[in-house]
Amino acid sequence: MVYLTRLEHFNAAHKLYNPGWSKEKNEAVFGKCANENWHGHNYELYVTIKGDPDPDTGFLFDVKKLSDIIKDQVIEKLDHRNLNIEVDFLEGKMCSTENLAIGIWQQLVPHLPAEIQLHCIKLYETPRIYVEYFGN
Amino acid sequence: MSTREKKVAVFRKEHFNAAHRIFNPAWDDKKNAEVFGKCSNPHYHGHNYELIVKVTGVPDPQTGYVMDMKQLSRITAEEVLEKFDHRNLNLDTVYFKDLNPTAEHIAMVIYDLLRARIDPKLELQVRLYETERNFVEYPAE
């Protein structure tokens, strides 16, 4: 079993704001992250897959293909976007880093070949804050 | 070792997260989109900005300091972080009402804000990272 990681990045605006709550409650829970006019981040995304290398190529998976899948299914939809209002797979969800990582996992899984297992989505919101999601 | 009149540069690193949109109000949306591409998205995007403030001068013979770093930290927090962190640079600050919030302009605004609070005999330069690979310095040597 080998693990292979591809690193991508995207820049986006968001806010942490629960529309079911009052403005006061949002500010009490989310602080400055609830700013109605948004703020933003440089996100760093680590996608890790696992499996056995193909005996003919020595590859777990063609990393160029992995990069294209991540770009088409994730980066195109997130980069230079407003996560709260422009991303179909986040509609109706809170735009936390946790939910974003889960959403990215769900975007990628259907596009990976059956013999490749997605192992981990690691998503940095800032250099000092990141989440990991292992699909369970 | 004689330290008289020898200049030293001290640096303070800070960061803030903000949303912005590159937009020239003198142009229509089409031209903004042509020139600035996805950076002009009307719904904004955002960055983790890294700011490095450089202060150069001769260390004070009494303290050994070019500048008290605690004071530099406080000034930077008051003038930059409180105004820019978790803000929309276009909408939530007074500085970019008529000024496009490019990294160049943000660095120039930050310089002016800090310059007014730092001893004129000390030199000041700011370096601003918009991403890890895009950064600007002002003033340029």
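Which hand, left or right, does the crossing of H2(A) and H4(A) have? The crossing is right-handed; right-handed denotes the near helix turned clockwise from the far one by less than a right angle, left-handed anticlockwise.

This is a predicted model, in which local features need pLDDT of at least 70, side-chain atom pairs count only at pLDDT 80 or more, and totals for chains, interfaces and linings use all residues. Residues are numbered from 1 along each chain as its sequence is written, chains are lettered from A and ligands numbered from 1 in the order written, and side-chain values use heavy atoms, without hydrogens and water.

**View 1. Packing of helix H2 (residues 63-78) and helix H4 (residues 97-108) of chain A.** Their axes are 9 Å apart at an angle of about 140 degrees.

**View 2. Residues in the contact of H2(A) with H4(A).** A:Ile69, A:Ile70, A:Gln73, A:Val74, A:Lys77 and A:Leu78 of H2(A) meet A:Leu100, A:Ile104, A:Gln107 and A:Leu108 of H4(A) (contact: heavy atoms within 4.5 Å). Seven of the contact residues are nonpolar, two polar and one charged.

**View 3. The largest pocket, with a volume of about 350 Å³.** A pocket is an open set of points on a 1 Å grid where a 1.4 Å probe fits, with protein on both sides within 12 Å along at least five of seven lines; lining residues have an atom within 4 Å of a point. Of 14 lining residues, A:Asn42, A:Glu44, A:Pro127, B:Thr131 and B:Glu132 are closest to the centre. The lining has four nonpolar, six polar and four charged residues. E1(A) supplies the largest share, three residues.

Key. Points joined across faces, edges and corners; volume = space filled by probe spheres on them. Helix = DSSP H or I, 4+ residues; strand = E, 2+ residues; numbered from the N terminus. Nonpolar A, V, L, I, M, F, W, Y, C, P; charged D, E, K, R; others polar. Axes fitted to C-alpha atoms, helices over the stretch in contact; angles between N-to-C directions.
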